[in-house]
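Let's take a walk through a protein structure together, one step at a time. Have a look at the picture first, and then read on.

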Number of protein chains: 2
Amino acid sequence: MELLKNKIRTHGKVAAGNILKVDSFLNHQIDAELMAEIGKEFYRLFKDEGVNKIMTIEASGIAVGCMTALAFKCPLVFAKKNKTLNISGDVYTCKVESYTHKNTYDITVSKDFLNKGDKILIVDDFLAMGNALIGLRQLAEEAGAEVVGAGIVIEKAFQPGGDLLRKSGFRVESLSRVISMSPEEGVQFID
Amino acid sequence: MELLKNKIRTHGKVAAGNILKVDSFLNHQIDAELMAEIGKEFYRLFKDEGVNKIMTIEASGIAVGCMTALAFKCPLVFAKKNKTLNISGDVYTCKVESYTHKNTYDITVSKDFLNKGDKILIVDDFLAMGNALIGLRQLAEEAGAEVVGAGIVIEKAFQPGGDLLRKSGFRVESLSRVISMSPEEGVQFID
């Protein structure tokens, strides 16, 4: 998606430790019109899959999730993150390891909002190791729902998550795939 | 806003302790089309104020904030919540007391995204005591920005926050104002 790649080139900042800072338009300040275009692009890619629900994870997935749900005219469900264990009988929950933050957290979704027969598209702002995505898919499948694939805004394609998921037969559509980045050279994409 | 009030009547659940559960459409599962209508309504109410930025607080403010930003064709900035103190020189921060959760947390916004001369509309899903709203306004004003008012989805009008803010001269527009609620009688609104 050229509009997105240009935004990353002009507004993204590469920091030490393979951190791509896009907080001026994606996850602190949000470019709502770009999010709306991203939602439409995910609709174009997945519109024949019978999707009836979008799923993401708080907080930085909510903006893109909401715009994708608007494009599909269906609800968004976002998983909540908990650092402390707080399991009650009425939620689906699993653990997610964060490569970036070097910690483990729980994600939970109320059982009211995931149902057998749901056809779910997962969306998220970033994909690196794929752990959050795998956790979300696990919650959906625990509910008996089907996950038709994932729509990702920025894939760190130099990390293995995306390709491992694709090789397992899971459909992952990334609107930008960063193959390398550095403070000196900026961001390079692959198609 | 009748569309919203009807949704609250039909899908809201009143729980013990003056809790209005609207997590089926507002803050866990999200009705994106309703959020888009809410965004348009805030635009109708504040369109003559020269707003160039929408501001809210994670996580449950992001959906309505994003749709409001889309209606205004301007960016959204959401404040981050931190339970632990993590102040660095490059953020505005203040403490917010949560009446609901009986705790105090820090909210922060990067100094990059609030500027002198900004005309800001704050939006949020709930208004009760008004502490979150006052905190957001404080961050904006610390940056030299002007806050033109607040757009609220659900005001708990039996709590004093909204009226205290209005009496101080601050413009608060609530799309629904709940005057009483109980598990037996459901939700009553005032205009």
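A residue counts as buried when its relative accessible area is under 20%, and as exposed when that value is over 50%, with partly exposed in between. Keep in mind as we go that this is a predicted model.

Now let's step back and look at both chains. Two copies of a chain are related by a rotation about an axis and a shift along it. In this model, a rotation of 180° with 0.0 Å of shift along the axis places chain A on chain B, with an RMSD of 0.0 Å. The two copies are therefore related as by a two-fold rotation axis. If you want to find that axis in the picture, look for A:Ala59: its C-alpha is the one in chain A nearest the axis, at 2.7 Å.

How do the copies meet? Of the interface residues of chain A, 100% are also interface residues in chain B, so the copies meet through the same surface. Chain A brings 29 residues to the contact, and chain B brings 29 residues. Between them the chains bury about 2500 Å², with 69% of this area on carbon and sulfur atoms. In chain A, the residues that lose the most area to chain B are A:His28, A:Gln29 and A:Phe113, which together make up 26% of what that side buries.

What kinds of pairs cross between the chains? The count of salt bridges between chain A and chain B is 0, while 6 residue pairs are in polar contact there. Several elements of chain A each supply at least two residues to the side that touches chain B: strand 3 (29-30), helix 2 (32-46), helix 3 (62-72), strand 5 (76-82) and strand 7 (103-110). Helix 3 of chain A gives the largest share of that side, with 6 residues.

Let's turn to salt bridges in general. Side chains of opposite charge can pair when their charged atoms come close. Over all chains the count comes to 30 salt bridges. One of them joins the side chains of A:Arg177 and A:Glu155, with 3.2 Å from N to O. A:Arg177 lies in strand 11 (residues 177-182) and A:Glu155 in strand 9 (residues 146-156) of chain A, so this pair ties together parts that are 22 residues apart in sequence. Are the two partners buried or exposed? A:Arg177 is buried, because its relative accessible area is 14%, and A:Glu155 is buried, with 1%. These two residues also belong to a network of salt bridges that links A:Glu155, A:Asp163, A:Arg166 and A:Arg177.

B:Arg177 is found in strand 11 (residues 177-182) of chain B, and it counts as buried at 14% relative accessibility. Its side chain makes a polar contact of 3.2 Å with that of B:Glu155 and another of 3.5 Å with that of B:Asp163. Leaving aside residues up to four places away in sequence, B:Arg177 touches several others, including B:Ala157, B:Arg166 and B:Phe189.

B:Glu49 pairs with B:Arg171, their closest N and O atoms being 3.3 Å apart. This pair links distant parts of the chain, 122 residues apart: B:Glu49 sits in the loop between helix 2 (32-46) and strand 4 (53-57), and B:Arg171 in the loop between helix 5 (161-167) and strand 10 (172-174). B:Glu49 is partly exposed, at 27% relative accessibility, and B:Arg171 is partly exposed with a relative accessible area of 27%.

The other salt bridge joins the side chains of B:Asp118 and B:Lys53, at 2.7 Å from N to O. B:Asp118 is in the loop between strand 7 (103-110) and strand 8 (119-127) of chain B, B:Lys53 is in strand 4, and the two are 65 residues apart. Both B:Asp118 and B:Lys53 are buried.

Notes: Residues numbered from 1 in each chain as written. Chains lettered and ligands numbered in written order. Predicted model: local features only at pLDDT ≥ 70, side-chain atom pairs only at ≥ 80, totals over all residues. Heavy atoms only, no water. Least-squares fit on C-alpha atoms with pLDDT ≥ 70 in both. Contact = heavy atoms within 4.5 Å. Helix = DSSP H or I, 4+ residues; strand = E, 2+ residues; numbered from the N terminus. Buried < 20%, exposed > 50% of the residue type's maximum accessible area, 1.4 Å probe, protein only. Polar contact = N/O pair within 3.5 Å; in protein donor to acceptor, adjacent residues only side chain to side chain. Buried area = accessible area lost by both parts, 1.4 Å probe. Salt bridge = Lys/Arg side-chain N within 4 Å of Asp/Glu carboxyl O.
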